[in-house]
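The tour goes stop by stop, with something to select at each.

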Amino acid sequence: LRLDATRKLDPERQAQMGQFMTPLPIAKLMASLFTAKGRTLRLLDAGAGVGSLSAALVQRLCAAGRPPDQISLSAYEIDPILADHLKLTLEACRSHAARAGVRFDGEVRQEDFVLAGVSSARASLFDAAQEYDCAILNPPYRKIHTDSRTRALLRQLGVETSNLYTAFLAIAVKLLKPGGQLVAITPRSTSAVLNDPNA
């Protein structure tokens with residue numbers, strides 16, 4: 001699915017959107033870093049692409065010595081081509097989980113993660129149901145203009161950044177439960193974003 005989607009993408013739009021697909025070996029490595037345990041797990045994949053990271057994490061959780069009873073996944077992807085492929089990936093996750101005796105509920109959210117994430121992060125101050133146990137991300141890599149709507153939204157959460165990938169990370173951290181786990185592909189300059197006592 002990843003290779004098929006990549007062939008369909010316009011390289012110029014891909015660069016504009018900051019899209020970089022995650023190879024399978026990297027997705028598996030990232031999934032292997034999670035140690036989350038629990039009978040019900042809520043997962044977040046922001047900027048999910050075709051769902052390589054989601055699939056790797058679901059596979060990892062289902063293969064655990066004692067897999068969870070239920071996995072719920074929210075996968076955000078704004079690109080319509082990628083979102084169509086993502087739906088197929090989540091169907092495959094559902095089938096795989098069923099074979100492992102795990103209930104799987106996967107939701108493709110074809111919307112702007114910054115807009116939705118800021119809204120969810122603000123709501124989670126009053127509603128613990130909004131919080132995630134695990135977040136796995138390969139966020140988009142591009143600049144955010146100072147006077148953009150994205151920057152204004154981020155300021156509502158007290159986040160100041162000029163890079164979209166750090167915005168995704170900051171929002172994901174705020175959506176995690178205390179002690180929740182986040183694994184993300186980032187450049188080395190990202191450490192300051194993760195200085196959140198709840199992460």
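A disulfide is a pair of cysteine sulfur atoms within 2.5 Å. Keep that cut-off in mind for the first stop. Note also that this is a predicted model.

**Cysteines**

Select the cysteines. How many disulfides does a search of the whole structure find? It finds 0. Zoom in on Cys93. The closest cysteine sulfur to its own is in Cys62, 8.2 Å away, which is too far for a bond. Cys93 is buried, at 4% relative accessible area. Move on to Cys134. That residue is buried as well, with a relative accessible area of 1%.

**Whole chain**

Zoom out and switch to cartoon. The protein chain has 8 helices and 5 strands. Starting at the N terminus, the order of elements is α-α-α-β-α-β-α-β-α-β-α-α-β. Colour by accessibility next. Of the 199 residues in the protein chain, 48% are buried. Now consider contacts between residues at least 6 apart in sequence: 75% of them join residues at least 24 apart.

**Helices H4 and H5**

Select residues 52–62 for helix H4 and residues 80–99 for helix H5. Their axes are 10 Å apart, at an angle of about 5°. H4 and H5 are therefore roughly parallel to each other. Show side chains at the place where the helices meet. H4 contributes Ser54, Ala55, Val58, Gln59 and Cys62. From H5 come Thr89, Leu90, Cys93, His96 and Ala97. Both cysteines of the first stop, Cys62 and Cys93, are in these lists.

**Helix H8**

Select residues 164–175, helix H8. H8 has 12 residues and spans 17 Å from its first C-alpha to its last, close to the expected 16 Å. Is H8 enclosed or exposed? It is largely enclosed by the rest of the structure, because 11 of its 12 residues are buried. The buried ones include Leu164, Tyr165, Phe168, Ile171 and Leu175. Now bring up what covers them. The cover includes strand E1 (40–46), helix H6 (113–123), strand E4 (132–137), H7 and strand E5 (176–184).

**Thr161**

Thr161 counts as buried, at 11% relative accessibility. The side chain of Thr161 makes one with the side chain of Thr166, at 2.2 Å. A polar atom of the Thr161 side chain also lies 3.2 Å from the backbone nitrogen of Asn163. Which residues does Thr161 contact once its neighbours within four places in sequence are left aside? They are Ile144, Arg151, Leu154, Thr166 and Ala167.

**Pro187**

Select Pro187, in the segment after E5. Pro187 counts as partly exposed, with 32% relative accessibility. Leaving aside neighbours within four places in sequence, Pro187 is in contact with both. Draw a distance between the C-alpha atoms of Pro187 and Tyr141. It reads 9.7 Å, for two residues 46 apart along the chain.

**Gly38**

Finish at Gly38, in the loop between helix H3 (24–32) and E1. At 29% relative accessibility, Gly38 counts as partly exposed.

Key: Residues are numbered from 1 along each chain as its sequence is written. This is a predicted model: local features need pLDDT of at least 70, side-chain atom pairs count only at pLDDT 80 or more; totals for chains, interfaces and linings use all residues. Side-chain values use heavy atoms; hydrogens and water are left out. Buried means under 20% relative accessible area, exposed over 50%, partly exposed in between (1.4 Å probe, protein chains only). Helices (H or I, at least four residues) and strands (E, at least two) are DSSP runs, numbered from the N terminus. A polar contact is a pair of N or O atoms within 3.5 Å; within protein, one must be able to donate a hydrogen and the other to accept it, and residues adjacent in sequence count only if both atoms are side-chain atoms. Contact means heavy atoms within 4.5 Å. The expected span of a helix is 1.5 Å times one less than its number of residues. Axes are lines fitted to C-alpha atoms, for helices over the stretch in contact, and angles run from 0 to 180 degrees between N-to-C directions. Angles under 35 degrees count as roughly parallel, over 145 as roughly antiparallel, 65 to 115 as roughly perpendicular and the rest as oblique.
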